[in-house]
Amino acid sequence: MSQGSRYRNNGRRQQQKHKNVTEAVPICEDNPVLKAFVEYAQELDDKHDRYERIVKLSRDITIESKRIIFLLHTIDARKNNRAKTVEEARQRLSKLILENFKSLALELVDQDPCQYRCAYSPGLQEFIEAYSFMEYFQFCSDDGSGTMSDWLALQQKMVYQKNEKDTCDDPLKTETTSKEQKQSEEETKKPQTVIFNVDPTEYILGLSDLTGELMRRCINSLGSGETDVCLEACKVLQQFYTGYISLNVHRCRELSRKIYTMRQSVLKTENVCYNVKVRGGEAAKWGSVFENKITEDLDEGFY
């Protein structure tokens, strides 16, 4: 067989294969397997879209919470602006609860919150940090005593009533009969309660970030000469650290890392207070000394 005839035969085989492919039997749309995979695709698309919307809401909550924290750091006894600043922070936090967290709660209706926890966890922790920082200025006294609300009190504030405007029509939803429509209309007329679940673990993680803000307040107060604020922040940090190191953190790597950071904040504030007691009014001139690296062989125990 010549080489030219061999190429011709190969071309015929390829044409025959292409013809067999094009003449394949079309898939029946009533195939139950095909219908099942179409439903799976719609469910995954809906989940991914909802996840992205929750991430955007969490990002907005994070940005606003950071701005509220910066606002609270502007409190200065010399300006006598504590009450005004705390009230402004409280109003902005209430707006986050009434708008952003309500939107999150509506997104999580009839959904498993654990599947979307990574999407809203950063925003929730940042909000808890800002909320607890506001309550620190609102309720804590000058001697370091006072109480802040727990996660149950915050949970009670995140209970909403679902309105008719909050419902949206799903274009992919199949048409229902008139009887089913009447039943759905009767259900929508009844007031429905929507709850955003504040997980206790997220509350503990967010509250642990408050210690970093207290450490910054201690350092900033030293520069402005408010030595009483330094001692107050140190007492609160010691109480926080005493409670946190008594927790079992073996199953939560994130909490273990935050407790280590909390320990560094406690040691920094203690060095500040030590220098305040020893040097008195001259302690502010030695602020650079407090930023030295802390040795790792210090004893870690209860205060």
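Predicted model: local features only at pLDDT ≥ 70, side-chain atom pairs only at ≥ 80, totals over all residues.
Residues are numbered from 1 along each chain as its sequence is written, and side-chain values use heavy atoms, with hydrogens and water left out.

Now helix H8, residues 210-223. Helices here are DSSP runs of H or I with at least four residues, strands are runs of E with at least two, and both are numbered from the N terminus. From first C-alpha to last, the 14 residues of H8 reach 20 Å, close to the 20 Å expected at 1.5 Å a residue (1.5 Å times one less than the number of residues). Ten of the 14 are buried, meaning under 20% relative accessible area with a 1.4 Å probe, protein chains only. Among them are Leu214, Arg217 and Cys218.

Next, aromatic pairs. Rings of Phe, Tyr and Trp (its six-membered ring) pair if their centres lie within 6.5 Å; planes under 30 degrees apart count as stacked, over 60 as edge-to-face, and the rest as tilted. The count is ten pairs. One of them, tyrosine 120 with phenylalanine 196, is edge-to-face, at 5.4 Å centre to centre and 70° between the planes. Tyrosine 120 lies in helix H4 and phenylalanine 196 in the loop between strand S2 (192-195) and H7, so the pair ties together parts 76 residues apart in sequence. Both residues are buried.

Key. Buried < 20%, exposed > 50% of the residue type's maximum accessible area, 1.4 Å probe, protein only.
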